Amino acid sequence: MATMLSMALMLSAAFFMGCTNLAVANYGDASAGVIHVGGQVLCQNCFKSYKEWVNGSNPLKGITVSLTCMDDRSRVMCYKSDETDEQGQFYMTVDRIINGKELKAKLCSVRLVSSTHADCSIATNFAGGKIGVKLMRSPTSMFRDIIKYRVGPFYYTTPMCEKPDTNDSQSDEDQGSYY
């Protein structure tokens, strides 16, 4: 009887372990559904004190943000864009399989594209928004076939905060002869 009970326990443990391994194998499955990418875009004013600057940002509505995914040969495989809502949030989804090829999240980047706000229209590179930020190696969250990445927050700033171009590339003739 004890042998039969221990055999039943071993079988149920083996079954449970098999189900667990199957669940783990499917949890990070590369062919699973779609990739979800989201984040937020805010406006920062450089004239505020540091504490106000860090805590006093305003969400921007109508900002265009893009997602560009490349293939292994550095060709654009997918391009998507989205506009932010009232809370400055954007959200995009992209299929994991495009034209029969697997999309690799590590070859995707998200960046700021344009602002419709004249008072906050200068893209900053804080959190990589201006030049683009690659999706992290591991997703922010995974559940079944849902893979989510969160980026940012990205920031725009006022034209008064834009750093002037101090390049000395112009010749004296271009500037007039004041010398």
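Cys 120 is buried in this predicted model, its relative accessible area being 1%. This residue is joined to Cys 43 by a disulfide with an S to S distance of 1.9 Å, one of two disulfides that the structure holds. The two cysteines come from distant parts of the chain, Cys 43 from strand S1 (residues 34-44) and Cys 120 from the loop between S8 and strand S9 (122-123), 77 residues apart. Because the torsion about their S-S bond is about 110°, the disulfide of Cys 43 and Cys 120 is right-handed. Cys 43 likewise counts as buried, at 13% relative accessibility.

A disulfide is also formed by Cys 69 and Cys 108, whose sulfur atoms lie 2.1 Å apart; with 110° about the S-S bond, this link is right-handed. Cys 69 belongs to strand S3 and Cys 108 to strand S8, so the pair ties together parts that are 39 residues apart in sequence. Cys 69 is buried at 0% relative accessibility, and Cys 108 is buried at 0% as well.

When residues up to four places away in sequence are not counted, Thr 68 touches Val 76, Cys 78, Tyr 79, Leu 107, Cys 108 and Ser 109. Thr 68 counts as buried because its relative accessibility of 19% falls under the 20% limit.

Turning to charged side chains, the structure holds four salt bridges, among them one between Asp 71 and Arg 75, with an N to O distance of 2.9 Å. In this pair Asp 71 is buried, with a relative accessible area of 13%, whereas Arg 75 is partly exposed, at 37%. Another salt bridge brings together the side chains of Asp 72 and Lys 104 at 3.0 Å, N to O, and links distant parts of the chain, with Asp 72 in the loop between S3 and strand S4 (76-83) and Lys 104 in the loop between strand S7 (101-102) and strand S8 (108-114), 32 residues apart. Asp 72 is exposed, with a relative accessible area of 58%, while Lys 104 is partly exposed, at 30%. Arg 96 forms a salt bridge with Glu 102, their closest N and O atoms being 3.7 Å apart; here Arg 96 is buried, with a relative accessible area of 7%, and Glu 102 counts as partly exposed, at 40% relative accessibility.

Notes. Residues are numbered from 1 along each chain as its sequence is written. This is a predicted model: local features need pLDDT of at least 70, side-chain atom pairs count only at pLDDT 80 or more; totals for chains, interfaces and linings use all residues. Side-chain values use heavy atoms; hydrogens and water are left out. Buried means under 20% relative accessible area, exposed over 50%, partly exposed in between (1.4 Å probe, protein chains only). Contact means heavy atoms within 4.5 Å. Helices (H or I, at least four residues) and strands (E, at least two) are DSSP runs, numbered from the N terminus. A disulfide is a pair of cysteine sulfur atoms within 2.5 Å.
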